[in-house]
Structures are given as C-alpha cells and as structure tokens.
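Subject: Structure handover

Dear colleague,

Here is the structure we spoke of handing over. Notes on what was found in it follow below.

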Amino acid sequence: MSTALKISPNSLSEFEQVIEQCIESFPNNRLCEKILANQVTLKDYHELLLRLFHQSYHGPGTFALAGAHCPTQHNVAREYFFHHAEEEMGHWRWIADDLKNSKSNVDPLHSPPSPATMAYIAVNFYYATVFPLGRLAIA
C-alpha cells in the first residue's frame, strides 16, 4: 500500500494562495504588532515560550518517528530525521530554563499546550506516520 499523496494542480494552487496570504498577513498578528510598537511585555514573552516549549519537547520524537516510517528508497532523509531528532533533543530545556529565570510561575512540563500548539504537534505526528517526507517541510 502506497502512502504517496496525490496532489492535483488545483489543490496545489489553492495551497500556494493560502501560504501567500499567511505570509502577507504575518506582520499583522498580535505579537508582531506589539514588537513593532515596542510594547512586548514579560507576559507576552512567557506566552511565546510556552507555545514554543511544547513543539521543542515533542518535535524530536516526531522527527525520529518520521525516520522510522521513511520508505527504504529515501535513506538519506531517514538518516537526516534521526540525526535532527538527536540534535534537537534538549532544546526544550533552554525554554524551561528561560521561563524559570524570568520568574514565570508556570511549569511547562505540567501545563497543556494551547489548542493551536496542540494542533501543530498533532499535524507533525500525522505527517511523521502517514507521509514522513512531508515532515521535512515542517522542520
């Protein structure tokens, strides 16, 4: 059974349009606007770190999982996944340390991710098992 995705030219065009819209609207997100206005608070920084924490904690596992599910004809990608998983493994500690050192009262290991972060992590697990080469696009 093949896990290759079949992408029609129409869906690819729609995908490209969505990506372009996201790129164009990026500077208008709440955090970017605060950065540009020099109004970022410590609370904003902690919220950002908490979002990043869960991805950095689960990301290496999804890279390793993608490597385990990688087809044999893509050994270079398979080796990359395992190497990248190992390289990324402890990065979550940097975020946890920064939260602690900046006086956050939240323990990220015992706090659930936001719904958007959870969705991102879930997509990474999905790609890792169903379409492992797609995980390269989300690296």
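The structure holds four salt bridges, a salt bridge being a side-chain nitrogen of Lys or Arg within 4 Å of a carboxyl oxygen of Asp or Glu. Please note that this is a predicted model, in which local features need pLDDT of at least 70 and side-chain atom pairs count only at pLDDT 80 or more, while totals for chains, interfaces and linings use all residues. Residues are numbered from 1 along each chain as its sequence is written, and side-chain values use heavy atoms, with hydrogens and water left out.

Salt bridges

One of the bridges pairs arginine 30 with glutamate 47, with 3.3 Å between the closest N and O atoms. Arginine 30 belongs to helix α2 (residues 30-36) and glutamate 47 to helix α3, so this pair ties together parts 17 residues apart in sequence. Helices are DSSP runs of H or I with at least four residues, numbered from the N terminus. Arginine 30 is exposed at 53% relative accessible area, and glutamate 47 is partly exposed at 29% (buried is under 20%, exposed over 50%, partly exposed in between; 1.4 Å probe, protein chains only).

Lysine 34 and aspartate 44 also form a salt bridge, at 2.8 Å from N to O. Lysine 34 is in α2 and aspartate 44 in α3, so the pair links parts 10 residues apart in sequence. Lysine 34 is partly exposed at 22%, whereas aspartate 44 is buried at 7%.

Within helix α3, lysine 43 and glutamate 47 are four residues apart, about one turn of the helix. Their salt bridge has its closest N and O atoms 3.4 Å apart, and lysine 43 is exposed at 59%. Salt bridges with shared partners join Arg30, Lys34, Lys43, Asp44 and Glu47 into one network.

Second largest pocket

This pocket has a volume of about 200 Å³. (A pocket is an open set of points on a 1 Å grid over the protein atoms alone, where a 1.4 Å probe fits, with protein on both sides within 12 Å along at least five of seven lines; lining residues have an atom within 4 Å of a point.) Its lining consists of Leu48, Arg51, Leu52, Gln55, Ala116, Thr117 and Tyr120. The elements giving two or more residues to that lining are α3 and α6 (115-130), and α3 gives the most, with four.

Leucine 48 lies in helix α3 (residues 42-69) and is partly exposed, with a relative accessible area of 32%.

Regards

Terms used: Points joined across faces, edges and corners; volume = space filled by probe spheres on them.
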